[in-house]
Structure formats: C-alpha cells, structure tokens
Amino acid sequence: MSQLISHVILDLDGTLLNTGSIVSKVVKTFLAKNGKTWDSKKAHKLVGKTPYEAAAVVLEDYGLPYSTAEFLSMIAPMLSEQWCNIKPLPGANRLIKHLRSNGVPTALASNSPRSNIVAKISCHQGWKESFSAIVGGDEVEKGKPSPDIFLEAAKRMNATPSNCLVIEDSLPGVAAGKAAGMHVIAVPSVPKKTAEFSSADEVIDSLLDVRPEKWGLPPFNDWIEDTLPIEPWFISGPVIKGFGRGSKVLGIPTANLPAENFADVVSEHTSGVYFGWAGLSTRGIYKMVMSIGWNPYFDNTEKTVEPWLLHNFDEDFYGEELRLAIVGYIRPEANFPSLESLIERIHVDGKIAEKALDLPIYARYKDSQYLRNPLQQGSASDGS
C-alpha cells in the first residue's frame, strides 16, 4: 500500500475548516428569528450533507414553514458573510504546506458548490494555489456518498483512483472514498464516533496525527523529541474542585479550571495531550502537561481541560488564578485497557513534557508576560 499513494484528495468542511461552528451560529440565529431554539445535539445530523440535504434536515427537525429552496435563499447570504470567519482546523495549514512543498499533487473535493469552496479557501493565504484540482458538489451528478466527486478529482489530476489517499471527516465522505476505490483516512468531526468509521483504512483524532510516511509519502520533519511545536495559546481561570478523577482515582493531582471561562478557545483545539507553562499568581511558574478531552458528563458536547503541574505542592491551591501557556502537542486522546496502563502513560507524558520544556523553542515561553498578567484568552499574541 505504501508504494501506491501518489495523490491526495482532501475534503474541506469539517476536515480542513471548522465550518460547523459557523453553520451552527447562523442556523441558531435564523431559528431564533423564527421562534425556535437551536439544539446542539442535532448538529451532527448536518455533517457531510450537501447544502440541499442539510437544509431539508433543519426544516424537518424544527418544523419550519419554508421550502428547501426558500430556506437556502434566506440563509445563503448569512453564511456568505461568515466565510472568512471560518478558522482552519488544527493541523490543516501544516498539512497543506507539507504536501505542496513536497510536490504531492493534492485536490479539494467537497459537497459544497464550487463557488463557495473558492470563496472559503480564498480567505486563507496559500491555499488556493496548493490544489491541483478543485471539485464542487455542483460539478458532478451526485454528491457524497456517491463516489462521483472523488473520481472526478482523480480524473482531473490524471491519477488512478487506487493511487489516491482521501482524508475525510464524515461518514458519507468515507463511503464515497471507498466506493471510488481509494484509500481513506477518517478524521471524525463528531466526537467519540470512531467505531462508526470502521470502513476507513485509518481513523485519527485530528490532522495533527496524520503520518504521511505510513502511506509512502514524505514524512513531517517538525516533531522534536516526541513533541510537536504548535502556535501557542493561552487560557486562565481560578482553580476549582473537579470531578475528583485526577487526584482520587489516578493519584495525579490535576488542577481544574471553569470550562465556561474559555469554552470558545478550547473548542478550536483538538482533544489530546499538550504541554507548556503554568503560572500561579502567588507561587511562580511551573512546567505542566495537560489533557483536553470530551466530557461524558456533558454528553460529549463540551471539552474539559485538566492540567498537571509538574511540581510537588505541599497544599491545595483552590481559588488561586492559574494561567496556562500551551506550546506543544504530544499525542491524541486514547483508550487504555487498564487504569494502570493509563497512569503509566500519563507519567510518560509528564517525562516527555519535562524534558521538552528545556528546549529553547519551548523554554522561551516561560518568560511570557501572559503567565504573570493575563490580558485575554486565546492566541492573539505570543504572550511575550
């Protein structure tokens, strides 16, 4: 298999771009104007659908008195205004640059109309010129899960379908890639649904976890001592009592922060294990490793952040302001066969972080102004 892959075909919405958050925002506004309330638990029903199919789902779920065509004509201008506010998903820029710089022919194939695809990618520097072909749902007879879009993309690149690697976030997309006779990596945009993607050749948490060398493509060369440098981001809040899982069950004293303080920031980052620096207002700055995970207490619709400060404290510090500078990524969220194996892995993560934070690329953020004086959450600056 590794010798076969010569071309890559990427989906756009939910794979490269966090389109779902913008669509949810627009539909929520539209529903409110029509006396209806958006239910975030139904958002997954729109994933992978053509605009016409997604519109039909919304109309049926909320009992709206419009035809599909009427609804689309009303909502289209609201969506168009937001195209340039859609953020790339973690690892998207990195993957696109990597494929382009290594001369791997890459196509974009989406159920969205071609004009929408071009409008969205034009907001991101270097994206449009990185694709050898762009195929929209309005350019083929049937959208995904039909293989038409992927077969057309392969045809435009003069590629044999069996030599193509598809990266997709939705079940219809995965089905389309397999029906086209291609290899498929699934990056599910709906959390905790890995089992449903069993037809894919590989299932990963995010684009940060793509390993091109598995497919005979040039490897990334940006991993440093089992860590991946990322664009740093910053969050803070008072330490609160959590669910007791960290200290009581695992014997690892993780700190808990109120998720509502930074839910929007965390929603932009994939679940997994990260590391960086932690500032406590009255104590100093410490190395830390942390997990971002989907919280079963909230039906996997919210993420929680659990930092573990790599220092032995003599007492609890509930109520103190904790400021975090997250500077690197270690691994995706994982399931473990036993509590012992989970605890062992967390300690490995701690050792990896402890060592990596001495490297200049990470050590420099220890002096970040944010750790001493948090002005705002997010990644607006390097915190210096």
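Mentor: Start with the term: a disulfide is a pair of cysteine sulfur atoms within 2.5 Å. Bear in mind that this is a predicted model, where local features need pLDDT of at least 70, side-chain atom pairs count only at pLDDT 80 or more, and totals for chains, interfaces and linings use all residues. Residues are numbered from 1 along each chain as its sequence is written, and side-chain values use heavy atoms, leaving out hydrogens and water.

Trainee: How many disulfides does a search of the whole structure find?

Mentor: One. Cys84 and Cys123 form it, with their sulfur atoms 1.9 Å apart. The link is left-handed, at -65° about the S-S bond. Cys84 sits in the loop between helix 3 (68-80) and helix 4 (92-101), while Cys123 is in the loop between helix 5 (114-121) and strand 3 (133-135), so the pair, 39 residues apart, links distant parts of the chain. Helices (H or I, at least four residues) and strands (E, at least two) are DSSP runs, numbered from the N terminus.

Trainee: Is Cys84 buried or exposed?

Mentor: Buried means under 20% relative accessible area, exposed over 50%, and partly exposed in between, using a 1.4 Å probe and protein chains only. Cys84 is at 55%, so it counts as exposed. Cys123 has 26% and is partly exposed, whereas Cys164 is buried at 0%.

Trainee: And which strand does strand 7 join?

Mentor: Two strands pair if DSSP finds at least two bridges between them. Strand 7 (residues 228-238) has eight buried residues out of 11. Eight bridges join strand 7 to strand 11 (residues 321-331), and the two run antiparallel. For instance, Ser236 has Arg323 in strand 11 as its bridge partner.
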